[in-house]
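Open the model in your viewer and keep the selection tool at hand. This tour goes stop by stop.

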Amino acid sequence: MASEPVTSHLRLGLNPRQAETVEKLLLAGEQELEEVGPEALTIRTVAQRAGVSPATAYTYLASKNHLFAELFWRKIVTDAGPEPAGATAVDRIRVVTRHYAAMLGRSPNLATAANIALLGTDPEVERLRLVIGAEFVNRFREAIGEPSDPRVVEALTLAFSGALLQAGMGLMTYEELSQRLDDVVAVIMEGH
């Protein structure tokens, strides 16, 4: 992936100065989240780290859940992982699920924050939840190859989302998530 930062949904229609402010806020949000975790993070502390006023931060970020959803979207887009390769659809899908499990295991505060945020009702989060879900659907569809049965893609997406939620609740580690998804993917793909 290019070294340029991913254009956030927050940046659409902004002038260069505003886009730079958004980028500063997102980078500060990433750093703050990594250092203090989702519970202690506030938009005020992110604004301070970014060198902008809290009012400016709230101009672009409706809530900390909005920030968390933006950071999660950015992470899954910038850390696309390896091309889904393998002889079978099961092999290719496992490349995708293993990559996401490893990525989230390396970023536990982001994983926790994403679970918190994506379950919220903030309208900005709602929009991002749809975009993130579509990204997962596209990755599974690409891994399956053509033609892909929409029911199979939906089953994979639902299983994957449920597994992410369980790992986020601490019911399993992200390493266990990866191992369990290997079996789930095999079961879903049986007969396809």
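What follows is a list of selections, with a short note on each.

**Before you start**

This is a predicted model, where local features need pLDDT of at least 70, side-chain atom pairs count only at pLDDT 80 or more, and totals for chains, interfaces and linings use all residues. Residues are numbered from 1 along each chain as its sequence is written, and side-chain values use heavy atoms, with hydrogens and water left out.

**Stop 1: helix 4**

Select residues 64-78, which are helix 4. Helices here are DSSP runs of H or I with at least four residues, numbered from the N terminus. How far apart are the end C-alpha atoms of helix 4? They are 21 Å apart, which agrees with the 21 Å that its 15 residues should span at 1.5 Å a residue. The expected span is 1.5 Å times one less than the number of residues.

11 of its 15 residues are buried, so helix 4 is largely enclosed by the rest of the structure. Buried means under 20% relative accessible area, exposed means over 50%, and partly exposed lies in between (1.4 Å probe, protein chains only). Among the buried residues are His66, Phe68, Glu70, Trp73 and Arg74. Show the neighbours next: the buried residues of helix 4 pack against helix 1 (16-40), helix 2 (43-50), helix 3 (54-60), helix 5, helix 6 (108-118) and helix 7 (123-144). Contact means heavy atoms within 4.5 Å.

**Stop 2: glycine 81**

Move on to the loop between helix 4 and helix 5 (89-106), and select glycine 81. Is glycine 81 buried or partly exposed? Glycine 81 is partly exposed, because its relative accessible area is 37%.

**Stop 3: the aromatic rings**

Select Phe72, Tyr100, Phe136, Phe140 and Phe160, which ring pairs link into a cluster. Rings of Phe, Tyr and Trp (its six-membered ring) pair if their centres lie within 6.5 Å; planes under 30 degrees apart count as stacked, over 60 as edge-to-face and the rest as tilted. The count by this rule is five aromatic pairs. Phenylalanine 136 and phenylalanine 160 make an edge-to-face pair, 5.0 Å centre to centre with 75° between the planes. This pair links distant parts of the chain: phenylalanine 136 is in helix 7 and phenylalanine 160 in helix 8, 24 residues apart. Phenylalanine 136 counts as buried at 6% relative accessibility. Phenylalanine 160 is buried too, at 1%.

Phenylalanine 140 is buried at 1% relative accessibility.

**Stop 4: the loop between helix 7 and helix 8**

Select proline 147 in this loop. The peptide bond from glutamate 146 to proline 147 is cis, with omega near -10°. Then select serine 148, found in the loop between helix 7 and helix 8. Serine 148 is buried, with a relative accessible area of 17%. Which residues does serine 148 touch, not counting those up to four places away in sequence? They are Arg141 and Val153.

**Stop 5: methionine 169**

Finish in the loop between helix 8 (150-168) and helix 9 (174-189), where methionine 169 sits. Methionine 169 is exposed, with a relative accessible area of 54%.

Key: Helices (H or I, at least four residues) and strands (E, at least two) are DSSP runs, numbered from the N terminus.
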